[in-house]
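I opened a new protein model today and kept short notes as I went.

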Amino acid sequence: MKLEDFKRIVDQNPFVSSIHLQGFGEPLLCADLFPMIQYAKSHGIEIGTGTNGTLLTRENIQKILESGLDYLGISVDGSTPDTFEAIRRGTSFHQIMKNINNLLEHRGSSEKPRITFSVCVSNRNFRELPEIIQLAGEMGIEGVSALQALSFHEDSIRSRLNDSEFQISPAETNEILLESVSLAKKLHMPFDWCGSGQRGLDLISRGASLQNVREMCKKISYMCYISADGYVTACVQNTNPERDNFGNVFKTDLIDLWRSPSYRDFRERFYRGEIPDYCRYCTVVHS
Ligand code: SF4
């Protein structure tokens, strides 16, 4: 998305309070990322983004710190080089850890950006979740959020993950989650499992099954996704916004799209249980 288009969206929608600047791809590759962050901040909007950590160079770290970014989620899919590099092919675990430590060191005692680990959980790394939390605690990271890789509904993406089924038994899954929750608690570290929030963690702590911590998704009632081309959809998990959208924000104001009959109808049907395909594998959905 061009900077001018981003500014137009911000200007036209003064009610927006928070923006997460990320779709599928690496935000630090976007030439206008920092001007966008600064523009949003100058309008009092909370803004965050994510990165795979490969481009956390000295120069980018400086820009991040100067931009006013509120939070940064860094993809850390393993606590060891073997696991990390098998998932994040072509990267170096040690280099990414060095980059993160540089960022933490330069940020010093400043509260911004809040730095968290984002873990894309699959068969390959789920058993390492407690170690990833431990690693985060040792490094001084301020939170860990984990999301199951299976929430990607497109077969092409799922097959590229080479990990198409979550084969860990529900009993072992709960055991690992329980260990993760208590470790995070001990480290005073916020931990989120698939968007289940504090209620979900409390239920896990009391031994509830995973099915019970899956709540009906609330995201669609207060947020939307805008693709780089301006297409508006309910969620970033819709990987084909050009084909399946509620309109384009470069042609129609966002508020009009949000209130349009088709978008209203989508929300109503959603809460009646008629979920779109891209929600099928999502771990947030279900009542
Ligand atoms: S339930 Fe659907 S809309 Fe909600 S987060 Fe999951 S994929 Fe997105």
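**First look**

I counted 12 helices and eight strands in the protein chain; helices (H or I, at least four residues) and strands (E, at least two) are DSSP runs, numbered from the N terminus. I noted that this is a predicted model, where local features need pLDDT of at least 70, side-chain atom pairs count only at pLDDT 80 or more, and totals for chains, interfaces and linings use all residues. Residues are numbered from 1 along each chain as its sequence is written.

Next I looked up burial. A residue is buried if 20 or more other C-beta atoms lie within 10 Å of its own, exposed if 12 or fewer, and partly exposed in between, with C-beta atoms placed from the backbone. Of the 287 residues of the protein chain, 29% count as buried.

I also looked up contacts: two residues are in contact if their C-beta atoms, placed from the backbone, lie within 7 Å. Among contacts between residues at least 6 apart in sequence, 65% join residues at least 24 apart.

**The sheet**

In what order do the six strands of the open sheet run? I read S1-S2-S3-S4-S5-S6, with parallel pairing; two strands pair if DSSP finds at least two bridges between them. Strand S1 (18–20) and S6 stand at the edges with a single partner strand each, so one side of each has no neighbour in the sheet. On average, neighbouring strands of this sheet are turned by 20° against each other, direction ignored.

I zoomed in on S1 and strand S2 (residues 46–51), which pair in the parallel sense over three bridges. There, histidine 20 has glycine 48 in S2 as its bridge partner.

**Helix H6**

Which residues of helix H6 (residues 129–139) are buried? I found Leu129, Ile132, Ile133 and Ala136. Seen down the axis of H6, these buried residues fall within an arc of 100°, so they line one face of the helix; the arc is that of the directions from the helix axis to the C-beta atoms. I remembered the general rule: an α-helix has 3.6 residues a turn, so residues three or four places apart point the same way.

The buried residues of H6 pack against strand S4 (114–121), strand S5 (144–148), helix H8 (170–186) and strand S6 (191–193). After H6 comes glycine 140, with a positive phi near 90°.

**Helix pairs**

I took H6 and H8 first, which pack at an angle of about 15° with their axes 8 Å apart. Axes are lines fitted to C-alpha atoms, for helices over the stretch in contact, and angles run from 0 to 180 degrees between N-to-C directions. H6 and H8 are therefore roughly parallel to each other; angles under 35 degrees count as roughly parallel, over 145 as roughly antiparallel, 65 to 115 as roughly perpendicular and the rest as oblique. Leu129, Pro130, Ile133 and Gln134 in H6 meet Ile176, Glu179, Ser180, Leu183 and Ala184 in H8.

Then I turned to helix H1 (residues 3–12) and helix H2 (residues 33–42), whose axes come within 10 Å and cross at roughly 15°. H1 and H2 are therefore roughly parallel to each other too. Leu3, Phe6, Lys7 and Val10 of H1 make the contact with Pro35, Met36, Tyr39 and Ala40 of H2.

Most residues other than glycine have a negative phi, and most peptide bonds are trans. I checked for exceptions. Histidine 188 has a positive phi of about 55° although it is not a glycine. Histidine 188 lies in the loop between H8 and S6 and is exposed, with 8 other C-beta atoms within 10 Å. A cis peptide bond joins lysine 112 and proline 113, with omega about -5°. I placed proline 113 in the loop between helix H5 (93–107) and S4.

Leaving aside neighbours within four places in sequence, leucine 103 is in contact with Leu56, Ile61 and Ile115. Leucine 103 and isoleucine 115 are 12 residues apart in sequence and 9.2 Å apart in space, C-alpha to C-alpha.
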